[in-house]
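Q: Could you take me through this model one feature at a time, giving the general idea before the particular case?

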Amino acid sequence: MTDAPETVTEQDAAATETGPAETAPEETAPENLSGAIEALLLMAEEPMAAATLAEATRAPVDRVIEVLSELAAFYDSSGRGFELRHVGGGWRYYTRAEHAELINRWVLDGQQAKLSQAALETLAVVAYLQPISRTRVAAVRGVSVDGVMRTLTARGLIEEAGHDEETGALLFRTSDLFTEKLGLTSLHELPALAPYLPEAAELEAELSTLVEQPTVPAASTETAPDTETTPDTETTPETEETP
C-alpha cells in the first residue's frame, strides 16, 4: 500500500516563496520596564515624552504613563533627593527644592550664572507680549535692549518667531527651555498680570506717545545793539604852583 502524495496548499506555497515570517519587535518585559525607563531618563538631556519612551522600550504608551506615575509617587514617598516631574511636554529628573542651598554651596560653588535685573525684565516682556519685536520691547522698557536680547537668545531662553507682516521686523518668543526652567507645561500657567497692568488700549496709547516727535527750533530773539558810550571828556591839566 503506497502512501498518498502530500498536497501542497496555497498558504504553504506562499510561505515557501516569501520565506519565514518576520517576528514583531519584542516588548520590554513588564518587570524590567521601570528600570528601562529610569535608564533612559538618566541619559536624557531634555524632558522625554511618554510616546518617545514607549517607542524606545517597545511598550504601550498607556503602560509607560502608568509606570512613570508609579515612579514619581515612589520617589515622593521614599524621600529621595530627586523627583520625577512632567514639564515641557515630557518627563525629567530634578533635584528637590529643599536641597537647593546644598547644591549651590557645594556643587555649583557660586559659579551659577544668574540673569541680571535688565535681562529678567526683558524676558518678562517677551513672555507676556510674544511674539514681539526688539523695537517694541525697547519701547516698553524705555531703554535699548539689543545686548540683553542677544544674551537671552544665546542662553536659549528666547528664539526667533518669524517676521511682522506689516513692518517686517524680526519677532521673538520664549523657547521650550524657558517653560522647562520655570517648571511649566505651557505658557498658560504664567501668573496673570491683569491686576498690575493697564488695559490693552491704554498700553497701546502709552506706547504711541513714546514715538519721537519732531521738535520745532525756538525762534531766536535779536538783541538791540548796545548804545555807544560817549568818550570821556578831557580834563585840563592843573597848573603847577610857583614856588
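Q: In which sense does H3 pass H4, and how is such a pair of helices described?
A: Two packed helices are described by the angle between their axes together with the distance between those axes. In this predicted model, H3 passes H4 in a right-handed crossing. Helix H3, residues 50-57, packs against helix H4, residues 61-77, at an angle of about 110°, and their axes lie 9 Å apart. Angles of 65 to 115 degrees count as roughly perpendicular, and H3 and H4 are therefore roughly perpendicular to each other.

Q: Which residues of H3 and H4 meet?
A: From H3 come Ala50, Ala51, Leu53, Ala54 and Thr57, and they meet Val61, Val64, Ile65 and Leu68 in H4. Sorted by class, the contact of H3 with H4 has 8 nonpolar residues and 1 polar residue, with no charged residues.

Q: At what angle do H6 and H7 pack, and how far apart are their axes?
A: Helix H6, residues 117-129, and helix H7, residues 134-141, pack at an angle of about 120°, with their axes 10 Å apart, which makes H6 oblique to H7. The crossing of H6 and H7 is right-handed. On the H6 side the contact is made by Ala118, Glu121, Thr122, Val125, Val126 and Leu129, and on the H7 side by Val137, Val140 and Arg141. By class, the residues of the contact of H6 with H7 divide into 6 nonpolar, 1 polar and 2 charged.

Q: Turning to the sheet, what is the order of its strands?
A: Strands of a sheet pair through backbone hydrogen bonds, in either a parallel or an antiparallel arrangement. Here an open sheet of 3 strands has the order S3-S5-S4, with antiparallel pairing. Strand S3 (132-133) and strand S4 (158-163) stand at the edges with a single partner strand each, so one side of each is left without a neighbour in the sheet.

Q: Over how many bridges do S4 and S5 pair, and which residue in S5 is the bridge partner of Glu160?
A: S4 and strand S5, residues 170-174, pair in the antiparallel sense over 4 bridges. The bridge partner of Glu160 in S5 is Phe172.

Q: How many salt bridges does the structure hold?
A: The structure holds 8 salt bridges, and one of them is formed by Glu83 with Arg96, whose closest N and O atoms are 3.5 Å apart. Glu83 lies in strand S1 (residues 82-87), whereas Arg96 lies in the loop between strand S2 (90-95) and helix H5 (100-108), so the pair ties together parts that are 13 residues apart in sequence.

Conventions
Residues are numbered from 1 along each chain as its sequence is written. This is a predicted model: local features need pLDDT of at least 70, side-chain atom pairs count only at pLDDT 80 or more; totals for chains, interfaces and linings use all residues. Side-chain values use heavy atoms; hydrogens and water are left out. Axes are lines fitted to C-alpha atoms, for helices over the stretch in contact, and angles run from 0 to 180 degrees between N-to-C directions. Helices (H or I, at least four residues) and strands (E, at least two) are DSSP runs, numbered from the N terminus. Angles under 35 degrees count as roughly parallel, over 145 as roughly antiparallel, 65 to 115 as roughly perpendicular and the rest as oblique. A crossing is left-handed if the near helix is turned anticlockwise from the far one by less than a right angle, and right-handed if clockwise. Contact means heavy atoms within 4.5 Å. Ala, Val, Leu, Ile, Met, Phe, Trp, Tyr, Cys and Pro count as nonpolar, Asp, Glu, Lys and Arg as charged, and the others, Gly among them, as polar. Two strands pair if DSSP finds at least two bridges between them. A salt bridge is a side-chain nitrogen of Lys or Arg within 4 Å of a carboxyl oxygen of Asp or Glu.
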